[in-house]
Amino acid sequence: MGFLVTTLIFVAVGVIASLCVIICCNRGPSTNLLHLTLIITATVCCWMMWAIVYLAQMKPLIVPILNEGE
Amino acid sequence: MAEIGGGGGCCPPMDLMRSEPMQLVQVIVPMESAHLTVSYLGDLGLLQFKDLNSDKSPFQRTYAAQIKRCGEMARKIRFFKDQMSKAGVSPKAGEFFASAHRSATAQQSEIESQQVGEDVLETPLLQEEKSVDPTKQVKLGFLTGLVPREKSMVFERILFRATRGNIFIRQSVIEESVVDPNSGEKAEKNVFVVFYSGERAKSKILKICEAFGANRYPFSEELGRQAQMMTEVSGQLAELKTTISAGLDHRKILLETIGDKFEQWNLKVRKEKAIYHTLNMLSLDVTKKCLVGEGWSPVFAATEIQEALQRAAVDSNSQVGSIFQVLRTKEMPPTFFRTNKFTTAFQEIVDAYGVAKYQEANPTVFTIVTFPFLFAVMFGDWGHGICLLLATMCLIWNEKKFSSQKLGDIMEMAFGGRYVILMMSLFSIYTGLIYNEFFSLPFPLFAPSAYECRDASCSEATTIGLIKTRDTYPFGVDPVWHGTRSELPFLNSLKMKMSILLGVAQMNLGIIMSFFNAKFFKSAVNIWFQFVPQMIFLNCLFGYLSVLIIIKWCTGSQADLYHVMIYMFLSPMEDLGENQLFPNQKTVQLTFLFLALVSVPWMLLPKPFILKKQHEARHQGQSYAQLDETDESLQVETNGGSHGHEEFEFSEIFVHQLIHTIEFVLGAVSNTASYLRLWALSLAHSELSSVFYEKVLVMAWGFNNIFILIVGILVFIFATVGVLLVMETLSAFLHALRLHWVEYQNKFYEGDGYKFAPFTFTLDGNEDE
C-alpha cells in the first residue's frame, strides 16, 4: 500500500464520516457546518500524523541495529 | 457594534464560531406587574439586566426594605437549618431550650462549686479566723465563684496586688469541664474563694472578677442555709430536666414539619431576594408608576422575552402591558456562546484564558479537535489510551447519577471534563497505534516489518544493521525499531520533525483565523497589512523548513537542514554544495529571505498611518453631516451609551503596532521552538513506560518466583496508573493547554470580552449572600 492509496482511504473515511453526520444528526445548516469542520479537522490531523510517520520511514537514513544481547 | 452581523456570504454562519448576536433592550413595566415580570424573566434566563442605579447605595434603592425582609427570612431559615443539622447529629436542645439547659447546667456547676466550697470551708483557716477575730469587729467578707483555669494564676496575682496582699484566696480544680453560661461552651475552670475585709476591697475584687470573666455565685456562710439551697437547686434541676425532655419532643415534631417544607421555603426566599435585587437595578419612572429596565439579550430571545412580558401582565391583572423595545448603542455587548454538554468543557478551556471579544472568531471550533490531538501526540500509547477511555466511559455512563450529586474537587473536575478526556483517550489510542506502543510494546498489527537481515546468517544485524526489503510499514512506526540501538536516534529525529510540522500547521491555522476575523469585521487593513505579511513571514521561514523536511524524507537526501536554515541567514549568497535538496534552491531561498525581510516593515509601518487617515476622514465627515442625526445621538447619550469620538493617539497606535510586530517576529521563532515540547513529552512518556515494563515486569518475571511476580505486577500497575495515567495525563494536558493558549491563540485571539450573565434562577445554588 503506497502513500496515495492510504491517503485516499483517509479521504474516504472523512467523506463517509461527514455524510453520516449530515444524514444522521441533521440539526440545521449552522450545526452541520460545525460538525463538518470538526470531522475535517480530525481527519486532517490524523492523516498528518500518519503521513509524517510514513514519509519518515520511506527512505531510511538510519536502519535498525539490533542490540548485542539479542 | 450591534449592526455588524451576518456570516461570510457563501456558507451559513457556523455554530460556535461567533458569539450570539446581542441587543440592548429596554423594558418598561408597570409597578403592579413588575415583580411577576422579573420572576418570569428569571425563569426564562435570557436577559442580563444593567444596573441603572449604580450611583445609589443599597439603602437608597426602591426595594431596600423588601431585601432586608428577605435577608431576615433567610437568616431565620438558616437558623432552622442549623437547628435541624444539630438535631440530626445529636438530639440536643433547640435555641429556647438550649438556654434553659444552659442555665440548668450552670446551676449544676454551681452546686459543684458549693460542694468544693464546702471543702474549702472545712479548712481550719476560716474557723481560726472566726474564733480569733470577733473582738476586732472587722467584718470579713468573702466571694466565691468560678474562673477559667488558664487565667487563674494571673487572676490570683492581680487580686493580690490590687489589695496589697490583704486578701486570702483559695483555688481548687474542678475535674470535669464546666459549661460557661456566657458562651455556652465547655471550659476548664477553677473554683475560688476570696476572703477580704472592707467594702473597698470588695468593689476592687468585684471589678477584677468581671475583668477576668469569673462568674460569681452566692454562697451562704451558714451550713443550714447551704443545705436548703442544695435541696432547692436539685429540685429545680429535676423540674428543668422534665421540661427539657418535653421540650425536646416538641422540638423534634416541629423540626420535622419544618424539614418537609424547608427546601421549598429556602428556594422561595432566595428567589424573592434575587427578584428584588434585580428590581433594584431598574430605575423608577418619573411618574413612579412604572419601572424602566435595560439589559442585554440575545437577538433570538426577543420573542420569548416579549411573550414572558405579556404573560406576566395578564397574570398580574395589570391594566397596561409592558413595553419592550430595542435600543441602539455603541457599547460592547457581552459574549454568549450556546454550548451543549459536549462543547461546554472545551469552551471553558478557552474562556479560562480570556472571554472572547463580542463576535470574535472562537478558537473552540478547532480546539475541540486539536486540543485532544496535541495531547495525544504527547500521550501516544494505545494501552494507556484504552485505560483512559474506560475510566471516562465510566463517568459518561453514570452521567445522570454523578450530575445530581455533589462530588469532590478533583472528581468534579474530571467529571466536568469527561468529554475532553473522551476525545483525548480516543486520539491517544490513534497516536498509540501510530507510535506502535501498547504499554510500550510494539505489535506488527498491519503488516510484517519492512526490515530483514542482510544475509542468512544475520551476522551484521548488530553492527551495520538490518536492511529494508519490503514496502514501508503501512501504518505507524515499524515494530522492528523497538529495543534496537538506533531506536532513539530514529524516534528523536522523527518526533522532532513531526513537532515542527504540526506546529507550523497549527500556527498557520491561527493566522487564518485572524483572516476570518478581519473579514468578519470588514477590516481590509487587517487583511492586507497584518494577515498577508504574517502568512508570508511565517511560511517563508518555517513553512520553508517544513517543506525541506518533507523533501528530505521523500528523496532520502543526506542534507543537513540545520546548516541550510542557519546559512540561509548568515551567508545567503554562498553555494549550498552537498546540502542542496532541489535545483535552484539558492534562488528560492533568496526570494524567501527577501520576502520575509520585506514583510516585517510591511507589518509595522502602513497600518498606523492608514488608521490615522481613516480616523481623520471619519472625523471630518462627522463635523458636517451631523444635524439630522442629533435626535438619535441624543437618545443614545441619554441611554447611557459611552458615545463620543474616541481619542486618536498616533504614537500610542504606533507603539502598539511596533510591539505587535516584534512579538510576531520573535514569536514565530520561539513558538516554533515551543512546539518541540511535543517531542520532549512524547519521548518522556514512551521511555517511562518502557522503563516500567522492562525494569519491573520483565525483571520480576525473571526471578521465576510467584511471590516476586505478584509484587512486580502490583508495582507495575501502580506505577502505570499513578505516574503514566495520572501524572503524565496532567502534564500532557497542561502542555497542550499552553500550546493552545499561547502558540495558537496569540495569532488572532483578543479575548477581552465579558461573559453574558443573564438573570436566571437555575444557578441560584451558588448565589452568595
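The lining of the largest cavity divides into 5 nonpolar, 3 polar and 3 charged residues, where Ala, Val, Leu, Ile, Met, Phe, Trp, Tyr, Cys and Pro count as nonpolar, Asp, Glu, Lys and Arg as charged, and the others, Gly among them, as polar. The model is predicted: local features need pLDDT of at least 70, side-chain atom pairs count only at pLDDT 80 or more, and totals for chains, interfaces and linings use all residues. Residues are numbered from 1 along each chain as its sequence is written, chains are lettered from A and ligands numbered from 1 in the order in which they are written, and side-chain values use heavy atoms, with hydrogens and water left out.

The residues of that lining are B:His563, B:Val564, B:Tyr567, B:Met568, B:Ser571, B:Pro572, B:Glu574, B:Asp575, B:Leu576, B:Lys586 and B:Gln589. Helix 17 (561-570) and helix 18 (585-604) of chain B are the elements that give two or more residues to it; helices (H or I, at least four residues) and strands (E, at least two) are DSSP runs, numbered from the N terminus. Helix 17 of chain B gives the most, with 4 residues. The volume of this largest cavity is about 90 Å³, and the structure holds 4 cavities of 30 Å³ or more. A cavity is a set of points on a 1 Å grid over the protein atoms alone where a 1.4 Å probe fits but cannot get out, and lining residues have an atom within 4 Å of a point. Grid points are joined across faces, edges and corners, and a volume is the space filled by probe spheres set on the points.

Next comes the interface. Chain A puts 35 residues into the contact and chain B 56, contact meaning heavy atoms within 4.5 Å. About 4200 Å² is buried between the two chains, 73% of it from carbon and sulfur atoms; buried area is the accessible area (1.4 Å probe) that two parts lose on being put together, summed over both. On the chain A side, A:Met49, A:Gln57 and A:Pro64 lose the most area to chain B, together 17% of what that side buries. B:Met14, in the segment before strand 1 (22-30) of chain B, touches A:Ser30, A:Leu33, A:Leu34, A:Thr37 and B:Val365, leaving aside residues up to four places away in sequence. B:Met14 and B:Val365 are 351 residues apart in sequence, yet their C-alpha atoms are 9.1 Å apart in space.

Between chain A and chain B there are 0 salt bridges, while the count over all chains is 13; a salt bridge is a side-chain nitrogen of Lys or Arg within 4 Å of a carboxyl oxygen of Asp or Glu. One joins B:Lys50 and B:Glu294 (3.9 Å, N to O). B:Lys50 lies in the loop between strand 2 (48-49) and helix 2 (64-89) of chain B and B:Glu294 in strand 10 (residues 290-298), so the pair ties together parts that are 244 residues apart in sequence.

Definitions and conventions
1 Å grid on protein atoms, 1.4 Å probe; cavity = no way out; pocket = protein on both sides within 12 Å on 5 of 7 lines; lining within 4 Å.
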